[in-house]
Amino acid sequence: MNIDDVKNITVVGAGNMGHQIATLCAIKGYKTVCTDVKEDVLKKAEAFVDKYLPGRVKKGKLTEEQAMQARNNIRFTQSLDDAAKEADYVIEAVLEVVDLKRKIFADLDRITPEHAILATNSSFIVSSKIADATKRPEKVCNLHFFNPALVMKLVEVVQGPHTGDETVEISMDLCRNLEKVPVHLKKEVDGFLLNRIFRAINHEALWLLDMGVASVEDIDKACVYGAGHPMGPFRLNDLTGIDLAYTMAMESFKATGDPAQRPSPSVVEHYVKGEYGEKTGKGWYDYSDKQ
Ligand SMILES: NC(=O)c1ccc[n+]([C@@H]2O[C@H](COP(=O)([O-])OP(=O)(O)OC[C@H]3O[C@@H](n4cnc5c(N)ncnc54)[C@H](O)[C@@H]3O)[C@@H](O)[C@H]2O)c1
């Protein structure tokens with residue numbers, strides 16, 4: 001099998017990530033079926049496509065004909081059987097729950113043609129925790145898009161010990177056909193590639209703050225004006241949520257028992273005060289005038 005054999009793509013889960021990945025596949029010429037268990041989510045995803053495509057035409061990014069072709073390429077269904085029966089490549093983007101993903105992969109193994117590749121968009125669950133739910137582990141991998149998937153160029157293709165080289169090659173080629181920039185992780189590792197780098201930056205930023213070396217503002221300025229980042233780690237954390245940073249650090253501490261993984265004192269301070277970032281009007285910065 002090679003990339004030219006991939007014509008039909010199924011996206012399972014039409015939430016934050018799934019509806020955008022499906023839209024992208026349809027725009028780039030793939031016959032795409034998007035499925036979700038929730039009817040209202042599917043309706044929202046379809047409404048998004050019907051608004052997004054004309055918007056791209058208005059902005060001169062797509063011609064009328066390309067938009068019409070993309071619309072014809074995508075359909076929505078609540079039935080996994082209907083969605084996956086002709087799939088050459090499946091991208092799963094359901095909730096981050098390993099048992100749910102295992103159940104879906106077992107179902108996909110039963111429903112899809114033998115040659116189909118089954119990829120998960122999971123940010124943290126490596127595909128070796130899922131692959132043995134199928135009889136085709138060599139065709140299972142992580143295909144990790146970033147949010148928002150229509151905009152962010154990077155995709156991490158993560159090869160587990162079970163993943164065949166052909167699966168990696170086709171997945172990398174698929175990303176290129178979707179006009180993304182794929183990177184190949186030759187081994188599974190917690191947090192994959194970019195999130196590990198972000199984790200290291202956050203860790204250093206928090207250490208500098210907690211040690212009283214520099215202020216939130218100055219650490220952010222250093223990253224923006226010295227390293228060319230679009231925003232500093234504290235501003236970014238206000239967007240993604242200090243509550244999430246706290247929970248992730250606690251989970252990591254519980255899993256490893258390593259005290260270095262515990263949330264930093266200043267994260268705990270904001271967390272207990274309910275200052276989670278932009279969504280609560282206060283985090284590392286004050287957003288009360290935006291509320
Ligand atoms: N949100 C992000 O920033 C981001 C970025 C990269 C990767 N991811 C990964 O993408 C995956 C999805 O994340 P999300 O943010 O889109 O979640 P989300 O909650 O927005 O969407 C998940 C969808 O899965 C659906 N679903 C649940 N069970 C299902 C089933 N059995 N069959 C079909 N659909 C089902 C839900 O109804 C929901 O609409 C996760 O694994 C996450 O780790 C998320």
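# Ligand, domains and cores

Trainee: How far is an oxygen atom of the ligand from an N or O atom in the side chain of Glu96?

Mentor: Good place to start, bearing in mind that this is a predicted model: local features need pLDDT of at least 70, side-chain atom pairs count only at pLDDT 80 or more, and totals for chains, interfaces and linings use all residues. Residues are numbered from 1 along each chain as its sequence is written, and side-chain values use heavy atoms, with hydrogens and water left out. A polar contact is a pair of N or O atoms within 3.5 Å; within protein, one must be able to donate a hydrogen and the other to accept it, and residues adjacent in sequence count only if both atoms are side-chain atoms. For the ligand oxygen and the side chain of Glu96, the distance is 2.5 Å.

Trainee: Which residues that surround the ligand are the closest?

Mentor: A residue counts as near a molecule or strand if one of its heavy atoms lies within 4 Å of it. Polar backbone atoms take part here too: a ligand oxygen is 2.9 Å from one in Met17, and a ligand oxygen is 3.3 Å from one in Val94. Of the 22 surrounding residues, the closest are Asn16, Met17, Asp36, Glu96 and Lys101.

Trainee: Where does UniProt place the feature "domain: 3-hydroxyacyl-CoA dehydrogenase NAD binding"?

Mentor: UniProt positions are in the numbering used here, with feature names shortened, and annotations may be inferred rather than shown by experiment. The unreviewed entry puts the feature at residues 8–187.

Trainee: How many of the 10 residues of helix H1 are buried?

Mentor: Buried means under 20% relative accessible area, exposed over 50%, and partly exposed in between (1.4 Å probe, protein chains only). H1 spans residues 18–27 and is mostly covered; its buried residues include Gly18, Ile21 and Leu24. After H1 comes Gly29, with a positive phi near 100 degrees. The buried count in H1 is 9.

Trainee: Is Thr120 buried or exposed?

Mentor: Thr120 sits in strand E5, residues 117–120. Heavy atoms within 4.5 Å make a contact, and beyond four places in sequence the partners of Thr120 include Glu92, Phe105 and Leu143. A polar atom of the Thr120 side chain is also 3.1 Å from the backbone nitrogen of Ser122. With a relative accessible area of 0%, Thr120 is buried.

Trainee: Which residues touch the most other members of the largest nonpolar core?

Mentor: A nonpolar core is a set of buried Ala, Val, Leu, Ile, Met, Phe, Trp, Tyr and Cys residues joined through side-chain atoms within 4.5 Å. In the largest core, of 41 residues, those touching the most other members are Ile9, Ile21, Tyr30, Tyr89, Ile91, Leu143 and Phe145.

Trainee: How many residues are in another core that lies apart from it?

Mentor: Nonpolar side chains tend to be buried together in soluble globular proteins. The core that lies apart has Leu80, Val90, Ile104 and Leu118 among its members, and its size is 15 residues.

Trainee: Which helices do the buried residues of H9 pack against?

Mentor: In H9 (residues 233–240), the buried residues are Pro233, Phe234, Asn237 and Asp238. They cover an arc of only 145 degrees around the axis, so they lie on the same side of H9; the arc is that of the directions from the helix axis to the C-beta atoms. Their packing partners are H7, H8 and H10.

Notes. Helices (H or I, at least four residues) and strands (E, at least two) are DSSP runs, numbered from the N terminus.
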